[in-house]
Amino acid sequence: MSPESEAVVSVWAVESDGVNTPGGERVSSAGGDPLRAKYAITGRFYDVLDHPFERMYRRWRPELLQDLRGEVLEPGVGTGHNLQFYHPSVHVTGVDLSPVMLRRAQAKLGHVRCAVDLRVDDATRLDSVHSDHFDWIFSTFMCCVMPDELQPKALKQFARVLKPDGRFRLLEIVYSSEPTIRKWQERISTLVERIYGARFDRETLQHLKQEPSLRVTATRYLKWESYLVIDGIAV
Ligand SMILES: C[S@@+](CC[C@H](N)C(=O)[O-])C[C@H]1O[C@@H](n2cnc3c(N)ncnc32)[C@H](O)[C@@H]1O
């Protein structure tokens with residue numbers, strides 16, 4: 001943390017096998033949720049596994065975040081790869097299903113310049129989050145992990161917690177329209193799903209178009225017609 005920053009960090013006590021909420025409730029790393037159970041294992045190796053890709057992503061993250069201000073919700077904050085790039089004036093609430101991932105994020109807080117609040121929560125519920133509270137929702141590689149049947153629920157929650165005119169930006173990976181890339185993606189798809197729970201065929205854009213309280217304003221690819229940025233606004 002830089003000396004001039006006023007970072008306020010509040011983290012629920014995240015430990016190796018779970019998390020103690022401020023109310024004293026114990027949440028285990030595995031829980032009953034298959035994704036939480038997956039990330040109880042994957043979370044231990046996530047930064048190492050993802051390192052070759054993260055070399056590319058870390059060039060994109062600062063640009064994707066540069067115009068974000070105010071109250072920001074980052075669902076699926078994971079091991080906190082975005083946290084160091086937020087503007088010092090931002091207040092970030094990072095939520096994730098996985099206490100193991102959050103523990104890794106907690107370890108990175110020394111490098112953040114802004115106020116951060118990390119907590120275990122499910123993006124399809126956002127029980128810990130007030131309505132109409134956020135100026136922005138920013139999320140990277142969460143919806144490609146989230147099963148399609150759960151995405152409408154998560155998007156309803158996004159609409160609930162965004163302020164009127166609040167904005168969202170998502171970075172997701174999808175099947176490429178470039179044949180060589182697509183072939184490579186098909187080859188690794190089983191492994192990717194087994195390790196990360198991620199799929200290249202999630203229909204996030206379709207789900208967004210069907211959520212009446214959110215409007216997609218722009219889409220663009222960062223690379224290979226596969227790394228898709230979706231911008232939008234609460235209506
Ligand atoms: C592929 S990782 C991405 C992590 C981070 N955003 C990044 O860019 O490196 C996906 C993350 O989403 C989280 N996740 C998946 N479904 C979730 C849900 N319903 N609510 C909260 N977090 C979720 C996982 O636990 C995991 O940490």
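Reader: Which residue in S11 is the bridge partner of arginine 220?

Author: In this predicted model, arginine 220 has valine 229 of S11 as its bridge partner.

Reader: And how do S10 and S11 pair overall, parallel or antiparallel?

Author: Strand S10, residues 214-221, pairs with S11 in the antiparallel sense, over seven bridges. The two strands form a hairpin with five residues between them. In the turn, tryptophan 224 has a positive phi of about 55°.

Reader: Which strand does S9 join?

Author: S9 is joined to strand S11, residues 227-234, by seven bridges, and these two strands run antiparallel. Within that pairing, arginine 167 stands opposite isoleucine 233 in S11.

Reader: What about phenylalanine 168, is it buried or exposed?

Author: Phenylalanine 168, which lies in strand S9, is buried because 25 other C-beta atoms lie within 10 Å, and the cut-off for a buried residue is 20 or more.

Reader: Which residues is phenylalanine 168 in contact with, leaving aside its neighbours within four places in sequence?

Author: Its contacts are Trp136, Ile137, Phe158, Leu162, Leu214 and Gly232. As for valine 216, that residue is 48 residues from phenylalanine 168 along the chain, and their C-alpha atoms are separated by 8.8 Å.

Reader: Changing topic: how many residues surround the ligand?

Author: There are 22, and the closest are Gly76, Gly78, Ser98, Ala123 and Thr140. Helix H1 (34-49) and strand S6 (91-96) each contribute at least two residues to this shell.

Reader: How many of the shell residues are nonpolar, polar and charged?

Author: The shell around the ligand consists of 14 nonpolar, six polar and two charged residues.

Technical notes:
Residues numbered from 1 in each chain as written. Predicted model: local features only at pLDDT ≥ 70, side-chain atom pairs only at ≥ 80, totals over all residues. Near = placed C-beta within 6 Å. Helix = DSSP H or I, 4+ residues; strand = E, 2+ residues; numbered from the N terminus. Nonpolar A, V, L, I, M, F, W, Y, C, P; charged D, E, K, R; others polar. Buried ≥ 20, exposed ≤ 12 C-beta atoms within 10 Å, placed from the backbone. Contact = placed C-beta atoms within 7 Å. Pairing = 2+ DSSP bridges.
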